[in-house]
Amino acid sequence: MNLKATLEHIAVVLNHPKYAGNIGSAARCAKNMGIERLIVVSDREYRQEEIRQMSTHLAADVVDSIVYFRDLGEALSGFNYIVGTTARLGLARGPVVSPREMAEQVIEISRDNEVALLFGPEDTGLTNDDLRYCHTVVSIPTSERFRSLNLSHAVMILCYEISVAETGIPVRFTPKMASSRELEGMYGHIGALLQKIGFLNPENPEYWMMHIRRLFSRIRLQAKEVRIIRGICRQLCWYLHHKTLDIPDREP
């Protein structure tokens, strides 16, 4: 049996879009491909009539259901797998995959996990700080002569690849992954421990933390595994604290 992505578990997340019309166009493109959840992260208000004009009445239900957040971390906190998008490449932004490769990953993951497709502002895209939330990063191949894509076009390409992707791999159990909220708590624990032992450069702690994030993203941690890692961090921090107090060894 061919396995397809579970579209109701997938949401498009627009991080600080500049234009209301692009929100409407993105809503229309997502619905065209069967994805009907849209999240907007912004601290500003958008003209609803402009959003509705570009979405058309056929995607009015998607527009009516848009969930707004002011903070990106909060918006992503309930998702188990986050796909970032970028046109700019470089070591700091990590290895990237094509939209087709991403869709093949999402097929299995979306069965039992919430997936977010994250898009940045039209003019600057996602920052390195935004990408730290992502499990994988996608770059859409374009002509070298004209690389710029409209936000809604990028949404359409990713949603299309996911909607048509399928695999002949037999259906198998896919464990539920840890949520972004759980992972961020774990990364905070790891970062605090590594700073305590002097592993992280205090002037640029995110340099090594980004590599650590990429490592754990490939593993696809479950909630139980996150709790184990946090427990180890807590115990190591306790040990370091008490060791510095020079507490004598207990009697056997």
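Colleague: What should I know before I start?

Modeller: The model is predicted: local features need pLDDT of at least 70, side-chain atom pairs count only at pLDDT 80 or more, and totals for chains, interfaces and linings use all residues. Residues are numbered from 1 along each chain as its sequence is written, and side-chain values use heavy atoms, leaving out hydrogens and water.

Colleague: Is strand β2 enclosed or open, and why?

Modeller: Buried means under 20% relative accessible area, exposed over 50%, and partly exposed in between (1.4 Å probe, protein chains only). Strands (E, at least two residues) and helices (H or I, at least four) are DSSP runs, numbered from the N terminus. In β2 (residues 10–15), 6 of the 6 residues are buried, so the strand is largely enclosed by the rest of the structure. Ile10, Val12 and Leu14 are buried on one side, and Ala11, Val13 and Asn15 on the other.

Colleague: Which strands pair with β2?

Modeller: Two strands pair if DSSP finds at least two bridges between them. Strand β6 (residues 115–119) pairs with β2 in the parallel sense over 5 bridges, with alanine 116 as the bridge partner of alanine 11. Strand β3 (residues 38–41) also runs parallel to β2, joined by 4 bridges, and its valine 41 stands opposite asparagine 15.

Colleague: What does the chain cross through from β2 to β3?

Modeller: A crossover is right-handed if, with the strands pointing away from the viewer, the path from the first strand over the helix to the second runs clockwise. Here the chain passes through helix α1 (residues 20–32), and this β-α-β crossover is right-handed.
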